[in-house]
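Here are my notes from going through the model you sent.

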Amino acid sequence: MAQNQESSNTAGKPIHCKAAVARKAGEPLVIEEIIVAPPKAHELRVRVLCSALCFSDIHFWRLKEPHGYYPRIFGHETVGVVESVGEGVEDVKVGDTVIPSFLAYCGECPDCTSLKSNQCSKLRFELSPYIRDGTSRFSDTKGQTIYHFGYTSGFSEYTVVDITHVTKVDPALPASRACLLGCGVSTGVGAAWKTADVEAGSTVAIFGLGVIGLSVAEGARLRGAKSIIRVDLNPEKAEIGKKVGVTHYLNPKDLGGKSASEVILEMTDGLGADYCFECVGLPSLGQEAFTCCRKGWGKTVILGVDKPDSQLILNSLVNSHSGKSITGVQYGGLKPNIDIPILAKRYLDKELQLDLFVTHEVKLQDINKAFKLLIEGKCLRTVIWMDKERASADGVVFDEI
């Protein structure tokens, strides 16, 4: 009721609110007042409840040209409530709980109607600083344009999103868990579920056990993998790995001079793992993963994001005659509008584990603490609340860490 009243007062009007603005590459974000314009046709304005910090935000926050646009509002693991809608928006209404996503789903193009792809060919993913019509809905109080990020920009109390970039979800899903489905957890679970199609009884090797790697393990667990081998330098990840089904732990520092791929081949009687996942963004680990992937039918999935000019070099003879394959993937192969609700239901049904990924919570004004925690490797996901007290008053569901 409070949300509907707010909409009647603010619909069609600019909204002044707080946002964490990146003014320069790599510099602390600035909490400042911004102006969020009303949504245009096929857009909706969302009151953001909370956003989680993903390492992709940090990756692009550090970039200068050609993809460093400033000032900019980052944040792409977000959940919020629809405040108002533009002309032509019919699938969601004011008061709905939605998760924005960086991938579009138009539901009409050959890619969106095919089971083989999640890459909308009508609204292709680009590192654009704008939304669909090539303009921004953000400005500062001096009239300067503030750029969007990933079509979401969740580090603001309000944001404007294209209808093809939002998914309606059950409001019973706790907000601090719902935001995780916008990127990291969905990417990892989806990679095991959709991209690799991990089979019951199979062997999985995961290189890197951050949120993506842990989510791959969770997805493999849900698919019934028999053995889940993790390769990671951080021994502190072992305990949480057990909770998502990891059965074997390899620290490259403790392998007596052998490579992780050599040890994995030994563990699998020389055959290799059925499915391998590179979750860090290092070409050397991609090579390792492919090396220890099973001949005949093994599949290696590259999830990590490296520098744009990095190259993955493979032995052409092995690649041509081994029968195994290697593939890249975006968002785990999931279609946001179709698969996010499925993951949300699996969480509510106590099948999918989301709780263990949230290790910290902060207020918007403390967002730079979240950046520091993630850069130093001291957290999995930190949830950044725009206004937790207001969210509570509006009846938002919480699930404390």
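Before the points, one definition: rings of Phe, Tyr and Trp (for Trp, its six-membered ring) count as a pair if their centres lie within 6.5 Å, and planes over 60 degrees apart make the pair edge-to-face. Keep in mind too that this is a predicted model.

1. Let's begin with the rings. By that rule there are 9 aromatic pairs. Ring pairs also join F102, F125, Y151 and Y331 into a cluster.

2. One of the pairs is Y130 with Y147, which is edge-to-face, with 5.7 Å between centres and 75 degrees between planes. Y130 sits in the loop between strand 5 (97-100) and strand 6 (138-140), and Y147 in the loop between strand 7 (145-146) and strand 8 (158-162), so the pair ties together parts 17 residues apart in sequence. Y130 is partly exposed, at 27% relative accessible area.

3. Another pair is F155 with F371, also edge-to-face: the centres are 6.4 Å apart and the planes make 65 degrees. Here the parts tied together are 216 residues apart in sequence, because F155 lies in the loop between strand 7 and strand 8 while F371 belongs to helix 11.

4. On to the packing. The largest nonpolar core has 59 residues, and I206 and F277 have the most contacts inside it. Helix 5 (residues 211-222) is the top contributor to this core, with 6 residues. Leaving out residues up to four places away in sequence, F277 touches A191, A192, A196, V198, V204, A205, I206, F207, V216, V301 and L303. There is also a second, separate core of 34 residues, with A22, L53, V160 and A370 among them.

5. If you were looking for disulfides, the structure holds 0 of them. A pair would need its sulfur atoms within 2.5 Å. For C292, the closest cysteine sulfur is that of C276, and 3.9 Å is too far for a bond. C379 is in no disulfide either, with its nearest cysteine sulfur, in C54, 11 Å away.

6. Where is N315 found? In the loop between strand 14 (299-302) and helix 9 (316-321). Is N315 buried or partly exposed? Partly exposed, with a relative accessible area of 47%. Its C-alpha lies 9.2 Å from that of Q287, a residue 28 places away along the chain.

7. Last, the annotation. The UniProt entry, which is unreviewed, assigns "domain: Alcohol dehydrogenase-like N-terminal" to residues 41-169. In the model, that span is 5% helix and 28% strand, and its end C-alpha atoms lie 22 Å apart.

Methods
Residues are numbered from 1 along each chain as its sequence is written. This is a predicted model: local features need pLDDT of at least 70, side-chain atom pairs count only at pLDDT 80 or more; totals for chains, interfaces and linings use all residues. Side-chain values use heavy atoms; hydrogens and water are left out. UniProt positions are given in the numbering used here, feature names are shortened, and annotations may be inferred rather than shown by experiment. Helices (H or I, at least four residues) and strands (E, at least two) are DSSP runs, numbered from the N terminus. A nonpolar core is a set of buried Ala, Val, Leu, Ile, Met, Phe, Trp, Tyr and Cys residues joined through side-chain atoms within 4.5 Å. Buried means under 20% relative accessible area, exposed over 50%, partly exposed in between (1.4 Å probe, protein chains only). Contact means heavy atoms within 4.5 Å. Rings of Phe, Tyr and Trp (its six-membered ring) pair if their centres lie within 6.5 Å; planes under 30 degrees apart count as stacked, over 60 as edge-to-face and the rest as tilted.
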